[in-house]
Amino acid sequence: MKYQSQRVAYWFFASALLLLSLQIVYGFIMGFARVGMDGLHEWIPFNTARATHTNLLVVWLLCGFMGSAYFIIPEEADRELWSVKLAYAQLISLLVVGVIAIICYHLNIWEGRKFLEIPRPLDYLVVVNVLAFLLNIGMTLWLGKRNTTTSLVLYMGLLFAALLYLPGMVTVKNQTVDSFYRWWVVHLWVEGVWELIMGGILCYLLIKLTGVDREVVEKWLYIIVGLTFLSGILGTGHHYYYIGAPRYWLIVGGVFSALEPLAFLGMAIYALAMAKKGGRKHPNRIALTWSLGCAVMSFVGAGFLGMAHTLPQINMYTHGTLVTAMHGHLAFWGAYAMIVLAMMAYALPLLTGRKLWDTGVASFAFWTSNIGMVGMTGALAVAGVTQVALERRLGLDFLIVQKEIEMHFVGMLLAAALFTVGIGAFIWLFIRHGLPSAEARAEDFEGAVAVGK
Ligand code: HEM
Ligand code: HEM
Ligand SMILES: [Fe+2]
């Protein structure tokens with residue numbers, strides 16, 4: 001840690017892990033409801049649990065992105081953060097908005113649009129919050145001593161993510177038009193601008209952890225960013241097949257979304273190539289493991305499993321089934337959860353001065369959570385494919401089919417338990433690092449210099 005203000009990142013990371021834990025609780029509520037154990041139904045029905053689960057996911061990831069930015073930007077810009085107070089105020093207000101939103105869902109106050117359920121008045125608070133964040137990061141960059149490609153890509157990603165929040169706030173009566181714009185937020189976030197955020201963080205981690213020259217690592221970032229935008233923007237069409245949008249989206253969406261996995265494949269090859277080239281010089285190997293794991297798993301979850309249902313001929317049958325949930329889990333985990341956890345694994349020893357990197361618990365957390373998540377994805381895949389065959393091909397009733405596939409959720413719950421143990425280990429290690437300390441400073445900065453960057 002070079003600058004004291006980077007310490008705010010710690011509190012964003014801690015909040016992110018708290019919200020992740022809560023997300024997992026709601027996942028289990030749904031998982032148990034799926035196998036008939038729905039004792040909480042009166043208070044937390046499935047739809048409430050689902051909205052809470054997915055919204056918590058988005059908020060903890062945003063918290064993680066913001067924490068990462070607060071850690072990365074001062075170092076890249078070579079100055080203290082513009083305002084530490086604003087950063088704390090912004091974290092607290094983000095958490096307050098999150099808690100109010102969750103309470104609203106439990107009181108049945110929401111907008112019935114998947115992923116964008118947050119009631120409109122709260123949207124305005126989110127906008128103010130994100131503006132404060134962007135101002136803080138932007139001023140730090142503006143007043144900083146240097147501008148790097150990494151910080152620019154990261155800032156662009158965060159800025160566009162904020163701008164793309166706005167189409168979700170337009171009120172439209174027509175359902176097709178409403179759906180059309182909803183995807184500008186949901187799709188263009190995860191398959192567009194969030195990829196920039198991920199690319200920026202990954203680039204930073206690779207520069208720090210592999211010892212390869214910044215110029216080389218950053219050069220490839222441009223190519224991947226270009227590929228992401230080229231494919232991702234028109235790839236939005238893979239959500240326009242059957243919502244009432246014009247027919248040409250079938251071909252546009254099919255062709256361009258089929259190119260999207262290339263960006264993820266590019267990212268995986270790039271990360272592995274840099275690690276090989278650099279010869280893994282940095283002592284914090286677990287952070288590199290998370291970084292490479294992220295690059296590989298995002299290709300599997302987003303690229304490969306996205307491809308599995310992105311062509312209109314296939315999506316006609318799989319749309320809105322558990323095949324979607326299968327892909328949603330591994331894609332979010334591989335691309336965004338893992339990059340945030342990678343950043344935490346890298347930053348924590350620097351923030352706290354405790355070098356708990358190559359412990360058995362650290363590897364255990366990585367492997368157990370990943371194997372658990374792959375297991376969950378597998379169970380959802382079997383359930384999803386069976387659902388498609390029985391419901392969409394044979395034409396059985398929706399609820400009869402849901403009953404038929406119930407047992408796959410037992411498998412999912414077992415895998416989810418394994419996943420939770422892995423996350424538990426990660427959190428335990430996080431706590432064992434202790435609080436950020438001012439003394440960590442001098443020594444860590446030397447450590448950072450020792451690996452060359
Ligand atoms: C990290 C990147 C990605 C994440 C986090 C992600 C996540 C998700 C989620 C959560 C959904 C459900 C959305 C909803 O119904 O509201 C979804 C749907 C979908 N995703 Fe992805 N995805 C990613 C990348 C991709 C890629 C690269 C492809 C294609 C190659 C793809 C193809 C699809 C398709 C076709 C659907 C619609 C499924 C349906 O019709 O029900 N995704 N994705
Ligand atoms: C251990 C814990 C978890 C369990 C038991 C669990 C379970 C579930 C269940 C049952 C659903 C609803 C599926 C349906 O509609 O029937 C769901 C939705 C979802 N979960 Fe999880 N989940 C867990 C953790 C996670 C994690 C860690 C992530 C992300 C990294 C995640 C991302 C999602 C997403 C994106 C959806 C919405 C999928 C869609 O749009 O179809 N879940 N989860
Ligand atoms: Fe999409």
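## The iron ion site

The iron ion (ligand 3) is held by His187 (ND1), Glu191 (OE), His238 (NE2) and His239 (NE2), at 2.1 to 2.2 Å, where donors are N, O and S atoms within 2.8 Å of the metal (3.2 Å for Na, K and Ca) and sites may look incomplete because water is not among the atoms. This is a predicted model, in which local features need pLDDT of at least 70 and side-chain atom pairs count only at pLDDT 80 or more, while totals for chains, interfaces and linings use all residues. Residues are numbered from 1 along each chain as its sequence is written, chains are lettered from A and ligands numbered from 1 in the order in which they are written, and side-chain values use heavy atoms, with hydrogens and water left out.

Along the sequence, the donor residues of the iron ion (ligand 3) follow the spacing H-x3-E-x46-H-H.

The iron atom of ligand 1 lies 4.5 Å from the iron ion (ligand 3), and its only protein donor is His327 (NE2), at 2.0 Å. His327 belongs to helix α11; helices (H or I, at least four residues) and strands (E, at least two) are DSSP runs, numbered from the N terminus.

His53 counts as buried at 12% relative accessibility, whereas His329, at 23%, counts as partly exposed.

## Packing of helices α1 and α3

Helix α1 (residues 8-34) packs with helix α3 (residues 84-106) at an angle of about 10°, with the axes 10 Å apart; axes are lines fitted to C-alpha atoms, for helices over the stretch in contact, and angles run from 0 to 180 degrees between N-to-C directions. The two helices are therefore roughly parallel to each other, as angles under 35 degrees count as roughly parallel.

Contact means heavy atoms within 4.5 Å, and the residues of α1 that meet α3 include Trp11, Phe12 and Tyr26, while those on the α3 side include Tyr88, Leu91 and His106.

## Two loop residues with positive phi

Most residues other than glycine have a negative phi. Asp78, in the loop between α2 and α3, has a positive phi near 65° and is buried, with a relative accessible area of 17%. Asn108, in the loop between α3 and α4 (120-143), likewise has a positive phi, of about 65°, but counts as exposed at 55% relative accessibility.

How values were computed:
Buried means under 20% relative accessible area, exposed over 50%, partly exposed in between (1.4 Å probe, protein chains only). Angles under 35 degrees count as roughly parallel, over 145 as roughly antiparallel, 65 to 115 as roughly perpendicular and the rest as oblique.
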